[in-house]
Amino acid sequence: DIFKIPGAKGTLGFISQMSECFCDKCNRMRLSADGWLRPCLLNEAGQLDLKTALREGVSMTTLREQLKELLTVKSEINFKQRYSGTATGNYSRTMSQIGG
């Protein structure tokens, strides 16, 4: 939802994920500040540690293959299945901690 305050230069927007699920339309990947690439904010099982891979010299071919695998996981995780992204159903990092 986007709001414009009369006389203001910009707009203010809210993403209402819990009440207005948009996961089926999401085309984003998230890169955390510590180098983890995630296909979804609600998926801790399917993420790639890019920082470590790049520092260890993993080949671009290998990284491409890992990225392709990660992209296939993206479509399986959505709001209704959000707890399938963890082994215990509890997230170790909140959305705000990874940039959500």
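Leaving aside its neighbours within four places in sequence, which residues is L54 in contact with? I began my notebook with this question, and I kept in mind throughout that I was reading a predicted model.

**Entry 1: L54**

I found L54 in helix α1, and, once the neighbours within four places in sequence are set aside, I listed M60 and L63 as its contacts. I also looked up its separation from G35, which lies 19 residues away in sequence, and read a C-alpha to C-alpha distance of 9.6 Å.

**Entry 2: the chain as a whole**

I then stepped back to the protein chain and counted three helices and five strands in its secondary structure. Reading along the sequence, I wrote the pattern down as β-β-β-β-β-α-α-α. The chain has 100 residues, of which 27% count as buried, and it exposes about 7,300 Å², with carbon and sulfur atoms supplying 56% of that area. When I considered the contacts with a separation of 6 or more, I noted that residues 24 or more positions apart account for 44% of them.

**Entry 3: the sheet**

In what order do the three strands of the open sheet stand? I read the order as β3-β4-β5, and the pairing is antiparallel. The strands at the edges are β3, residues 30-31, and β5, residues 48-49, and because each has a single partner strand, one side of each is left without a neighbour in the sheet. I reminded myself that strands of a sheet pair through backbone hydrogen bonds, either parallel or antiparallel. Looking at one pair in detail, I saw that β3 and β4, the latter covering residues 36-38, are joined in the antiparallel sense over two bridges, and that L31 has L37 in β4 as its bridge partner.

Is L31 buried or exposed? L31, which lies in strand β3, counts as exposed, because its relative accessibility is 55% and the cut-off for exposed is over 50%. Apart from neighbours within four places in sequence, L31 is in contact with W36, L37 and L50. For L31 and L50, which are 19 residues apart in sequence, I noted 8.8 Å from C-alpha to C-alpha.

L37, placed in strand β4, is buried, because its relative accessible area is 11% and buried means under 20%. Its contacts beyond four places in sequence are M29, R30, L31, G46, Q47, L48, L50, L67 and L70. One of these, Q47, stands 10 residues from L37 along the chain, and their C-alpha atoms are separated by 5.5 Å.

**Entry 4: the nonpolar core**

Which residues make up the largest nonpolar core? I wrote down six residues in all, namely L37, L48, L50, A53, L63 and L70. Helix α1, residues 50-55, and helix α2, residues 60-74, each supply at least two residues of this core.

F14 sits in the loop between β2, residues 11-13, and β3. With a relative accessible area of 45%, F14 is partly exposed.

**Entry 5: the salt bridge**

How many salt bridges does the count come to? The count comes to one salt bridge. It is formed by K68 with E65, and the closest N and O atoms are 3.7 Å apart, a distance that qualifies because the cut-off is within 4 Å. Side chains of opposite charge can pair when their charged atoms come close. Both K68 and E65 lie in helix α2, three residues apart, which I recorded as about one turn of the helix. For E65 I noted a relative accessible area of 41%, and E65 is therefore partly exposed.

Notes: Residues numbered from 1 in each chain as written. Predicted model: local features only at pLDDT ≥ 70, side-chain atom pairs only at ≥ 80, totals over all residues. Heavy atoms only, no water. Pairing = 2+ DSSP bridges. Helix = DSSP H or I, 4+ residues; strand = E, 2+ residues; numbered from the N terminus. Buried < 20%, exposed > 50% of the residue type's maximum accessible area, 1.4 Å probe, protein only. Core = buried A, V, L, I, M, F, W, Y, C linked by side-chain atoms within 4.5 Å. Contact = heavy atoms within 4.5 Å. Areas by Shrake-Rupley, 256 points an atom, 1.4 Å probe, with all protein chains shown as cover. Salt bridge = Lys/Arg side-chain N within 4 Å of Asp/Glu carboxyl O.
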